Amino acid sequence: FFGNDTFYFVRIKNWDPNRMLGAVLDEPQTTRGAELFVYKSKFDSKFHCPDGEVTNADLVYSTKAFSLRRSGNFTRNAPKSSLKIGLTDEDDRLFSMKTLNLKSMVNDVSQMREAVACKSLGAIGLPATKHTYAKVCVNDRYYGLYSVIEQIDKPFLKDHFGKNNDGNLYKAEWLDMGPATLGLPPGGATKGEQLFT
């Protein structure tokens, strides 16, 4: 899925438009009769919401068993939110993935920083998420270009650490202080904060 020169259309049809509004998407939403399609595409494609332009040969995956929610600390309330598509049928996975992680890149005018970072970290042998791009369309509305990032979860840990995939997995959050770091917050640590050096 994340091979070299990959590019996709992520198309959701028959989605309830009321379930695309603001805070509604803070929790995973489903819509009866909605369908998710993932198509192979080309970087120079002029289409935004493909229908007749794609063929069965372009179809990579489709399902009616999925949920949709907003994600991300920084983009949650941005005009273009990051999205997570959860595949809810345990026996139906997209290349063994149970989550399609769509990053909106609203804080990256180059739309390349994450792609370059993932590729660079992987090239020097560090565990790094895989990456590609997709155009996203819900019903007949084009939401734009998204970065597709491999979800960091149990399958990711197993791929990189084999049987040694148990233990803690930490995620930094963007709070009032800005981007998370591993350093002390301004004014030093407060009681109850766990710091890693």
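Phe 37 lies in strand β2, where strands (E, at least two residues) and helices (H or I, at least four) are DSSP runs numbered from the N terminus. The model is a predicted one, in which local features need pLDDT of at least 70 and side-chain atom pairs count only at pLDDT 80 or more, while totals for chains, interfaces and linings use all residues. Residues are numbered from 1 along each chain as its sequence is written, and side-chain values use heavy atoms, with hydrogens and water left out.

Phe 37 has a relative accessible area of 11% and is therefore buried; the term buried means under 20% relative accessible area, exposed means over 50%, and partly exposed lies in between (1.4 Å probe, protein chains only). Phe 9 stands 28 residues from Phe 37 in sequence, and their C-alpha atoms are 7.9 Å apart in space.

The strand that holds Phe 37, β2, belongs to an open sheet of eight strands with mixed pairing, in the order β3-β2-β1-β7-β8-β6-β5-β4. Two strands pair if DSSP finds at least two bridges between them. At the edges are β3 and β4 (66–71), each of which pairs on one side only. From one strand to the next, the twist averages 25°; axes here are lines fitted to C-alpha atoms, for helices over the stretch in contact, and angles run from 0 to 180 degrees between N-to-C directions.

Within this sheet, strand β1 (residues 7–13) runs parallel to β7 and is joined to it by six bridges. Arg 11 stands opposite Cys 137 in β7.

Cys 137 also takes part in a disulfide with Cys 49, with an S to S distance of 1.8 Å. A disulfide is a pair of cysteine sulfur atoms within 2.5 Å, and by this rule the count comes to one. The torsion about the S-S bond of Cys 49 and Cys 137 is about 95°, so the disulfide is right-handed. This pair links distant parts of the chain, 88 residues apart: Cys 49 is in the loop between β2 (35–40) and β3 (59–63), and Cys 137 is in strand β7 (residues 131–138). Both Cys 49 and Cys 137 are buried.

Further along the sheet, strand β5 (residues 82–87) contains Lys 84. Lys 84 is buried yet has no salt bridge, and the nearest side chain of opposite charge, Asp 153, is 8.4 Å away. A salt bridge is a side-chain nitrogen of Lys or Arg within 4 Å of a carboxyl oxygen of Asp or Glu; Lys and Arg count as positive and Asp and Glu as negative, whereas His and the chain ends are not counted. The side chain of Lys 84 does make a polar contact of 3.3 Å with that of Gln 151. A polar contact is a pair of N or O atoms within 3.5 Å; within protein, one must be able to donate a hydrogen and the other to accept it, and residues adjacent in sequence count only if both atoms are side-chain atoms.
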